[in-house]
Amino acid sequence: MGTLEGHLLPGVGFLIFAVYYSLLTSLALLRKQKMLKHPLLPRKLLGHRLYWQVSYEAVAKVVVPSICLFCEYFYPLGVNRLKMIDWKDPRRVFIFKDNWEHETMFGFFLLSGIVDLVSQAHQARWSVKLERAAEALAFYVLALLMITHIENKSALEIRVHLLFVLPAFLLALVLTVEIWVPDDPPLWILKSWMGLVLSTWMMQICEMYIPFTGQPWRADNPVDRAFLTIFFCWHLALGLALFITIFGLSSLWLRHYSSWTKPLEARYQWCPMESSGEELEKLSAEPVSQNGGV
């Protein structure tokens with residue numbers, strides 16, 4: 001994961017999840033829903049009938065970490081990082097420390113996706129709390145591993161990962177609170193905001209491998225390290241701006257959709273059987289008068 005591709009793949013995955021959850025939150029707030037409604041897969045998928053309906057989110061939480069796990073072990077092709085101990089060395093030293101940290105992180109997110117699938121199969125109220133607990137555990141593990149990931153790193157990489165720990169830990173705290181308070185709109189907004197900050201900051205880490213200025217970041221320069229903190233503060237504002245934009249676009253779409261469906265609903269109405277004879281005569285006379293006018 002210590003490459004551009006290694007940060008880009010999980011960064012895009014986190015960004016998709018953050019935008020998806022922000023969209024769900026925006027629609028729930030606009031519709032004044034008391035709980036978030038996650039879209040479910042259709043009953044028939046690829047010609048096969050599903051035993052139970054699961055959400056797109058649960059499937060993505062299983063597929064994306066699985067791809068990341070495979071890449072950590074075997075990318076580029078021909079490499080095998082599956083072993084943990086160098087048995088050829090008499091000291092039996094541990095190897096591939098960074099990769100095993102990343103694999104542990106992806107493994108807990110995969111576990112969260114599996115818990116979602118099992119929970120949605122049972123469709124019990126308590127299982128929702130189990131989903132939040134598994135997701136919170138994944139983010140606690142992410143924050144913990146990022147703290148230990150900075151060992152033997154440059155001062156610049158230490159600053160980058162410590163700033164990454166902040167939104168990850170806040171997300172874990174919010175998910176922990178949601179175990180007992182699952183349907184609270186302010187928590188939805190905070191989780192969407194921190195998710196966007198987490199994903200955009202990981203994209204910022206990708207920029208450090210290919211700087212847009214053409215000059216590499218200098219780990220020994222305190223000014224460069226100071227600008228990292230400045231940029232992180234900008235990402236806090238960027239995450240909020242993205243959420244407001246998603247909320248605004250959702251509001252426009254909802255208004256356009258409702259204005260498009262209202263005329264159709266108003267056009268076709270059942271005629272009340274208990275109407276008086278005069279009202280029925282007026283209704284039956286309207287098509288006659290229209291045909292006569294043509």
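Predicted model: local features only at pLDDT ≥ 70, side-chain atom pairs only at ≥ 80, totals over all residues.
**Entry 1**

Residues are numbered from 1 along each chain as its sequence is written, and side-chain values use heavy atoms, with hydrogens and water left out.

I placed Arg92 in the loop between helix 2 and helix 3, where helices (H or I, at least four residues) and strands (E, at least two) are DSSP runs numbered from the N terminus. Arg92 has a positive phi of about 55°, although it is not a glycine. I wrote down the background beside it: most residues other than glycine have a negative phi.

I then turned to Lys32, which is not a glycine and has a positive phi of about 55°. Lys32 sits in the loop that runs between helix 1 and strand 1 (44-45), and its relative accessibility of 74% makes it count as exposed.

**Entry 2: the chain as a whole**

I counted 8 helices and 2 strands in the protein chain. Read from the N terminus on, the elements follow the order α-β-β-α-α-α-α-α-α-α. Of the 294 residues in the protein chain, 37% are buried.

**Entry 3: two helix pairs**

How do helix 2 and helix 3 pack, and at what angle? I found an angle of about 155°, with the axes 8 Å apart; axes are lines fitted to C-alpha atoms, for helices over the stretch in contact, and angles run from 0 to 180 degrees between N-to-C directions. That angle makes helix 2 roughly antiparallel to helix 3, since angles over 145 degrees count as roughly antiparallel, under 35 as roughly parallel, 65 to 115 as roughly perpendicular and the rest as oblique. The crossing of helix 2 and helix 3 is left-handed, a word used if the near helix is turned anticlockwise from the far one by less than a right angle, with clockwise giving right-handed.

I also sorted the contact of helix 2 with helix 3 by class, which gave 12 nonpolar, 7 polar and 4 charged residues. Here Ala, Val, Leu, Ile, Met, Phe, Trp, Tyr, Cys and Pro count as nonpolar, Asp, Glu, Lys and Arg as charged, and the others, Gly among them, as polar.

For helix 5 and helix 6, I read axes that come within 10 Å and cross at roughly 160°. Helix 5 is therefore roughly antiparallel to helix 6, and the crossing of helix 5 and helix 6 is left-handed.

**Entry 4: the largest pocket**

I looked next at the largest pocket, which holds about 1000 Å³ of space. A pocket, on a 1 Å grid over the protein atoms alone, is an open set of points where a 1.4 Å probe fits, with protein on both sides within 12 Å along at least five of seven lines, and lining residues have an atom within 4 Å of a point. Grid points are joined across faces, edges and corners, and the volume is the space filled by probe spheres set on the points.

Which residues lie nearest the centre of the largest pocket? I listed His38, Glu57, Glu131, Arg132 and Glu135, out of 44 lining residues. The elements that give two or more residues to this lining are helix 1 (4-30), helix 2 (56-74), helix 3 (97-122), helix 4 (125-149), helix 5 (155-178) and helix 6 (185-209). By class, I recorded 23 nonpolar, 10 polar and 11 charged residues in the lining of the largest pocket.

**Entry 5: residue pairs, C-alpha to C-alpha**

Gly11 and Cys206 are 195 residues apart in sequence, yet 8.5 Å apart in space.

Leu111 belongs to helix 3 and is partly exposed, with a relative accessible area of 40%. From Leu111 to Ala134 I noted 23 residues in sequence and 7.4 Å in space.

Thr148 is part of helix 4, and with 29% relative accessibility Thr148 counts as partly exposed. Thr148 and His161 are 13 residues apart in sequence and 9.7 Å apart in space.

Last, I located Gln53 in the loop between strand 2 (48-49) and helix 2; at 22% relative accessibility, Gln53 counts as partly exposed. Gln53 and Pro39 are separated by 14 residues in sequence and by 9.8 Å in space.

Notes
Buried < 20%, exposed > 50% of the residue type's maximum accessible area, 1.4 Å probe, protein only.
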